[in-house]
Amino acid sequence: MQMKSELIQNSGNLDSTKVKIDSKIPLIHIIGYVDAGKSTFIKKYLNEFPIFDIKEIYQNNFFSPKDLQNNPEKYLQFQTALDYSFSQYYKNLEINHFSVGIIESSGINRALNNILRRFYVYRVWIIPFDLNLIQSKIYKIRPYAEELNNYLMEKFEKNEVPFNNKYNFMDESFMKDLPEIFKRYFERLF
């Protein structure tokens, strides 16, 4: 199912040639389907670190993804709120000397991905326990999730969702070795 708005929140082309700012604190971006277990993963392994969850931008500012479609004014308000919130989040990481920051989103939000281009980001795609269970459970609670998950699935199958590694809940493992800088956060796995 194709989303029809030029303002839809997707990754677009991630340009890795852009110069990154002095990214002193690495970020782990936990991405995946709606209700795939991103929050569960974070609680299990990374709960001692501040989390930037894009869902909070929507909730705190009374936006919904549908509000942003074909509405440039609303989209600009969303982007401004996102820019400000993320700058405050990163400033908090620096002030409090955190060794890593945690980001949670679907992974295809264009505005967020544009912000993250300036930082060292390691993206982990969460493979859910059972996608069919997600579909039967969550779509009743969050009707937008079906369209978003279908769109994500389409992008993922075409290799259009940028990620560095996958985490599988079934066997509690990463698909490939983690960079040394991140291994200490997942010592329980090794």
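**Exercise 1.** Classify Lys44 as buried, partly exposed or exposed.

*Solution.* Lys44 has 29% relative accessibility. Buried means under 20% relative accessible area, exposed over 50%, and partly exposed in between (1.4 Å probe, protein chains only). Lys44 therefore counts as partly exposed.

The model is predicted: local features need pLDDT of at least 70 and side-chain atom pairs 80 or more, while totals for chains, interfaces and linings use all residues. Numbering runs from 1 along each chain as its sequence is written, and side-chain values use heavy atoms, without hydrogens and water.

**Exercise 2.** Find what Glu172 pairs with, and state which parts the pair ties together.

*Solution.* A salt bridge needs a side-chain nitrogen of Lys or Arg within 4 Å of a carboxyl oxygen of Asp or Glu. Glu172 and Lys44 have their closest N and O atoms 2.1 Å apart, forming a salt bridge. Helices (H or I, at least four residues) and strands (E, at least two) are DSSP runs, numbered from the N terminus. Glu172, at 37% relative accessibility, is partly exposed.

**Exercise 3.** Compare the accessibility of the partners in the Glu160–Lys155 salt bridge.

*Solution.* The closest N and O atoms of this salt bridge are 3.2 Å apart. Glu160 has a relative accessible area of 36%, so Glu160 is partly exposed. Lys155 has 12%, so Lys155 is buried.

**Exercise 4.** State how many salt bridges the structure holds.

*Solution.* The structure holds 4. Another one of them joins Glu154 and Lys158, at 3.7 Å from N to O.
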